[in-house]
Amino acid sequence: MKLQTQRWIDRWAGQALCALLSLWARLVGRDQATAMPQAPRHILIVLLSEMGSVVLAGPMFAALRQRYPSATLHVLQLKKNQEVAKLLGLAQPAHLHALDDSAGLGLLQDIWRVSRTLRSLPLDAVIDCELFSRISSLMSYFSGARLRVGFTPHTQEGLYRGSFINRAIPYNPYQHISKQFLSLVDALEGDAMPRNKAAPIRDLPADTGLTVRFEAAELSTYQQQLQQDHPTLAARCLVLLYAGGGLLPERAWPASHYAEVARSLCAAGYAVGLIGLRDDAVLARELCQQVEHTACVDLTGYTHSIRELLMLFHAARLLITNDGGPGHFATLTPIKTMVFFGPETGRLYGPLGPRAQVLESGIACSPCLSAYNHRLTFCDGDNQCLKRITPQAVLRDALTHLAATPATL
């Protein structure tokens, strides 16, 4: 199903359904917050958004396990994102639930099937981490859990997701999303309004709290295969570039800027690998043609899983990327990362950890995508917020990172 179609359905049908369900909950008396008599035994976490959000939710999962060590965690995701949850071990495989949004009819069937499965579980609480969709709010009610935690706009326009969330906390556009995910955990036992008021004062989490373990032999074998497939990479340190914009092309730094940086890195003695999905192959070929250097290689479609992508990160020294999943997955590895933000802001969605650098221009209209405009930008396509980040400045920082990073990771 196309993204615009999903947005239209969620905005209009989703709001209507949330309103009807709120009325129903009020009539049957399920709209009031109920006290939690004991520590929850079964908790459902709803994470339907982009794969990078799963990584940013890492500290929340760690907090749940620390606070409720005997609780069973269930995770509801879109089917296309479930590989990340399995790789990171967020829950036991039997406790991972998925919705397939590839087709409208199939999605409706999946909502019915998953709702029946969730209602058969002894769920005590559900934590809805979504900002941009109403289907997650509806699923939280259909799950049958007594406690339903999620974001509310309070009196602000937009983001209406029903009044049946009985552990609601206000969405805060001034706090990093990882801190807000932690507030959802605090709301489970909160009595004040807002229910995260009594939460401890936290700095931004130092890292994701997530790990993916690799044997040294596995990484060595992968790097040898990479160099065998692309002999140019054997004699040079590797820098990876992700130039694709994904579902939101306005988040992409200009391709011509990427080409200039790649050309300069190759001239400085480094190899450049252009990564991405198979859909990014056309852009990668165009960049290779512009760079005109044998040390610039097309690696789009080379990795066939998130695990292979992480092994590729282990084999490289630096990743330069648009805002998206790769920048967050890189924080699970030793690689240095430079991530462009503009339509969205690193203050809310920046990768966690000390090895990630956020690049923003800070012009007056940036950021323009938010939970309050359904991620629909008013930009005419001339994304000056990213164009004003010059290749020269990026190259200077890249060379500084490379000089400070050990040759052997």
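Glu292 lies in the loop between H10 and E9, where helices (H or I, at least four residues) and strands (E, at least two) are DSSP runs numbered from the N terminus. The phi of Glu292 is near 55°, a positive value in a residue other than glycine. Most residues other than glycine have a negative phi, and most peptide bonds are trans. At 69% relative accessibility Glu292 counts as exposed, given that buried means under 20% relative accessible area, exposed over 50% and partly exposed in between, with a 1.4 Å probe and protein chains only.

This is a predicted model, in which local features need pLDDT of at least 70 and side-chain atom pairs count only at pLDDT 80 or more, while totals for chains, interfaces and linings use all residues. Residues are numbered from 1 along each chain as its sequence is written, and side-chain values use heavy atoms, with hydrogens and water left out.

Strand E7 (residues 238-242) is joined to strand E10 (residues 318-322) by four bridges, and the two run parallel; here Leu241 has Ile320 in E10 as its bridge partner. E10 in turn pairs with E11 in the parallel sense over five bridges, with Thr321 opposite Val339 in E11. Four bridges then join E11 to E12, again running parallel, and Val339 stands opposite Val358 in E12. Strand E11 (residues 336-340) is mostly covered, since four of its five residues are buried.

Beyond E12, in the loop between that strand and helix H14 (384-387), lies Pro367. A cis peptide bond, with omega about 0°, joins Ser366 and Pro367.

**Two helix pairs**

Two packed helices are described by the angle between their axes and the distance between the axes. Axes are lines fitted to C-alpha atoms, for helices over the stretch in contact, and angles run from 0 to 180 degrees between N-to-C directions.

| Helix pair | Angle | Axis distance |
|---|---|---|
| H3 (residues 58-67) and H7 (residues 177-186) | about 25° | 8 Å |
| H8 (residues 216-229) and H11 (residues 306-314) | about 80° | 10 Å |

H8 and H11 are therefore roughly perpendicular to each other, whereas H3 and H7 are therefore roughly parallel; angles under 35 degrees count as roughly parallel, over 145 as roughly antiparallel, 65 to 115 as roughly perpendicular and the rest as oblique.

Pro59, Met60, Ala63, Leu64 and Arg67 in H3 meet Phe181, Leu182, Val185 and Asp186 in H7. By class, this contact of H3 with H7 has seven nonpolar, no polar and two charged residues, where Ala, Val, Leu, Ile, Met, Phe, Trp, Tyr, Cys and Pro count as nonpolar, Asp, Glu, Lys and Arg as charged, and the others, Gly among them, as polar. In H3, Gly58, Pro59, Met60, Phe61, Ala63 and Leu64 are buried, and the buried residues of H3 pack against several elements, including strand E1 (42-46), helix H2 (51-56) and H7.

Notes: Contact = heavy atoms within 4.5 Å. Pairing = 2+ DSSP bridges.
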